[in-house]
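Subject: Structure handover

Hello,

Here is the structure we spoke about. Please open it alongside this note; my findings follow below.

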Amino acid sequence: MATPNTHGSLRIKLLRLILGALLLLGGTTLLASGALIYSTDRAVQAKREQELLSGLEEKARLLGFNQALALRSLVADNLFGDVKALIHQTVSENNDIAYGVFFDAENRVWAASGLARVPASKDALGPAAPNFTAADLESLGISTAHQSRLALRRRQNPLGGEDVLEVAAPVLSEGAHAGTVIYGISTRSVVERMVQARDLAANRLVTTLGLIVALILGSGAASYFLVKRVAVHITEPLLALRTAAGAIATGLRSSAPPTESPIADRKKWERVQITSGDELELLGSAFNSMVEANEQAFEELRVKTEQALEASRMKSEFLANMSHEIRTPMNGILGVIRLMQNQSLDGKMRRYVETVDASANTLMSIINDVLDFSKLEAGKYVAQHVSFDLRLVIQEVAELMASQAHEKGLELVYRVERRVPTGVVGDPDRFRQVLTNLVGNAIKFTDRGEVLIDASTSQQDKATALIKLAVVDTGPGIAPDDQKKLFAAFSQVDGSLVRKHGGTGLGLAISKRLVEVMGGEVGLDSTPGQGSRFWFTIRVGVTAGGEQIRSAEWASGRRALVVENSRSWRDVVVEHLVAWGFDAESAASGRDAINRLELAVLEKRPFSAAVVGVQMDDLGLEEFLRTIQSVPALQTLPVVALYHMGSSVTLSGMDSSMVTQLPKPLRVSELYNTLQSALTGASTPPPSKPGAEPGKIASKLPVLVVDDNEINRYVAMEQVEQLGLRVETACNGQEALECVKRKRYVAVLMDCQMPVMDGYTATQEIRAWERSRNRHTVIIALTAHALVGERDRVLAAGMDDYLAKPVRPQSLQKTLWRHVVLSRDEPGSSPSPSVPELEAARVPVLDPEVPRSRKLIELVLKNVPAQLDGLEAVIRSAVAAEIKANAHKLKGSMLSIGASRVAELAEKMQLAAGQGDLPQAGDLARLRDEFDSVSAALKEELAATAKAT
């Protein structure tokens, strides 16, 4: 739970709220007051300025009037000097008068003072030599137009500075116009007085605003201390409520120890005591009522939780038992059916058996879906992390589902992008299950066209890769509204499809859960009428393993023609041919291909090989071959014919030595080897599996089958005998223990759930007995349990491997081959082989399906001995954690090369160390002996590779 803020957070919020409101109010008051004072001062100043200007105008009128009267007599007497003296005296004695001018009725300037200096050489008196002319006055902006009455105007001072108020007064003599006197009165005094008034107003505004700010700050300080004292009565009850609520949220009690369950004692929940007499007291009472209700609810929850845990335990136990009880009879049914199919049956009887087999497998599929869904719902599934060949799994799924597709007339194509790694670490079984489910659905709901499996990778580094698998079909498509319910359990898009196609509606729901457990996601892109594209991603680790597509010198410069009516197969084959170095072309029909082959001969650029699909629309394979072999230059053309599995073409009456038929889905490695052999003559025999072949294992080496179910014992006995081994049986773990003590067995097939003594206990007893005798019998668990962790449980008990019921003969055979390779030339007279004979019969097996490059083998031979030395050192130091880590590292190295026997020994050591059990004295010695055999086999592979190249 997050830690609350400071202790007084609510108080601080109240203070911030009130102080913020005061500051906002004060700021608003300050701005309003300032604006009001400023506007008032502006109005007062404007009025004052108008008054001053009015006084100045009055003064100007009076001056003009008086001067006109004074000049009347002087002009009448033609006293030019007196006029000039009067004008000069008037201007010089009054600082506010900027200039004065008098000109007569004929626009002769008699006097001008304050405008300019008169040159010294000129007479300043008399009209005969005036200082100024009318033009001079006009140039200064002084109008020489005669005024009929006194006039005022405000104008720019011609001498610079402040503006002037210019007054022009007419001088009348005996009713006639004798001239005009003009004075310019400066407004400087008015401007100075206005500046003083503005300064005074600004000072007054600053003083007023300062007083308002001081008032606001004082009010804020007083409010802060007041709110701080009053807020305590609000915040303390709320803090008490918060503390109590926090204690409930974290499951703490006022008097309970920290380790006590929060629902163990409902009387210890905290209560709050609030006596404020207002709404807070009501809130406290409501909180206490809520606590009491919570206590009651928690008590009910405790009871129901205990009941749910018990129900979950019983459900898990029921699931395990049901898994065993269902799979056990199904194992018998499927096993007996397979045994019957190996017998000679007439047509009708074989048809009956095949019908029962199909029904039983369908039932088993439904049972597996239900059990898998139950495991996922219970969260009982954890993804495995083992090494496997990703390309091989995709190929196996395609081959497994091909017959279903071909029966419906569909083409099943798979493509693996070049960048997809071969060796990966993940959960191969669940990966195969999801891919099989998607491919099966695509085939089920597609009536014509094809199904494409497309593998690619979008993110990859040295350690991990994000693999994306897409299954694309040409079916009816799915509407957007129906896509939402596809991955829901027990649902199908169209209810009528349940009757037509069957199924539980769990497949996609299980696939979605499995993909999510493997760290990926699943999705769908579909358009009705255009098919669907289901895809999923998984993140896997990357181990050794090269790209499947590799360039080859023998293919460089050669031409190849691909003839296939399936566009997807054409693209896949052409992609590989080009990557190998071929100049590849493709054709959709047989006749088009024949024309291209003949044209290439004429152009002297013949094709070196042709890859031809048997299912051509216009020609059959035999007709196609006859046509091209009729052309002399094409008689030796190697042809690789691709046919649907189980429907190869019989070529009669013609030379078919140059034709090789390969089944679809196509194994690219087989196409590579076939073309290489045809074009170079190199022999590329298929790799042989190590170990004995079925029916050729020495029968003197017995296998002990332990099972309490008679039918299961019989089925397992028949399956083992068909591998060429003798079989003995036991009904429970106690009998198995006695049998192992009496004689030796090459392997023990041990059921896990049995009366008297179960398989786990029996294995532990056998291992304890063998430990002092330096013996080890291979014990393989046979269990019908479907729960997660079963493999870990059987390995922890000391078993060597695990087979789930119903046991398939191929799985049993492969498991026995992995753990024991039996000698074919041992004498048959000795029913109980000696210890050296038995140990010699058991040698490690390298899985032939795991790719091993030359570089990988060299790295293993170089690094694993050091890993064994490191493991021995930590065993001597007796540090279980380091033993576990080193054993895990060794297991990973062995899985990467398919040395599963050494990997399982290392895994047993890892599991034991994880439980605190240190390895015994002989465990490391057995591990080294097993690796010595693996090392020898790897060196043989290296030598064979060097010889082949």
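Lys-512 and Glu-516 sit 4 residues apart in helix 11 (residues 507-517), so about one helical turn separates them. They form a salt bridge, with the closest N and O atoms 2.6 Å apart. Both ends are partly exposed: Lys-512 has 29% relative accessibility, and Glu-516 has 41%. Bear in mind that this is a predicted model.

That pair belongs to a longer list. The structure holds 33 salt bridges.

- Glu-575 and Arg-415 meet through their side chains at 3.0 Å, N to O. Glu-575 is partly exposed at 24% relative accessible area. Arg-415 is also partly exposed, at 23%.
- Glu-872 and Arg-928 form a salt bridge, their closest N and O atoms 2.8 Å apart. Glu-872 is partly exposed at 28% relative accessibility. For Arg-928 the value is 25%, again partly exposed.

Arg-559, Glu-585, Asp-592 and Arg-596 are joined by salt bridges that share partners.

Now to strand 18. How many of its residues are buried? The count is 5 of the 5 in residues 702-706, so the strand is largely enclosed by the rest of the structure. Pro-702, Leu-704 and Val-706 point one way, while Val-703 and Val-705 point the other way. Both sets are buried.

Which strands pair with strand 18? One is strand 19 (residues 726-730), parallel, over 5 bridges. There, Pro-702 stands opposite Arg-726. In strand 20, Ala-747 is the bridge partner of Val-703.

Last, the surface. Phe-65, Leu-69 and Leu-150 make a nonpolar patch of about 260 Å². Leu-150 lies in the loop between helix 3 (134-139) and strand 3 (151-155). Leu-150 is partly exposed, with a relative accessible area of 30%.

Best wishes

How values were computed
Residues are numbered from 1 along each chain as its sequence is written. This is a predicted model: local features need pLDDT of at least 70, side-chain atom pairs count only at pLDDT 80 or more; totals for chains, interfaces and linings use all residues. Side-chain values use heavy atoms; hydrogens and water are left out. Buried means under 20% relative accessible area, exposed over 50%, partly exposed in between (1.4 Å probe, protein chains only). Helices (H or I, at least four residues) and strands (E, at least two) are DSSP runs, numbered from the N terminus. Two strands pair if DSSP finds at least two bridges between them. Patches are made of residues with over 30% relative accessible area and no salt bridge: like charges are joined within 9 Å, nonpolar side chains (Val, Leu, Ile, Met, Phe, Trp, Tyr) within 5 Å. Accessible areas come from the Shrake-Rupley method with a 1.4 Å probe; for residues, only the protein chains shown count as cover. A salt bridge is a side-chain nitrogen of Lys or Arg within 4 Å of a carboxyl oxygen of Asp or Glu.
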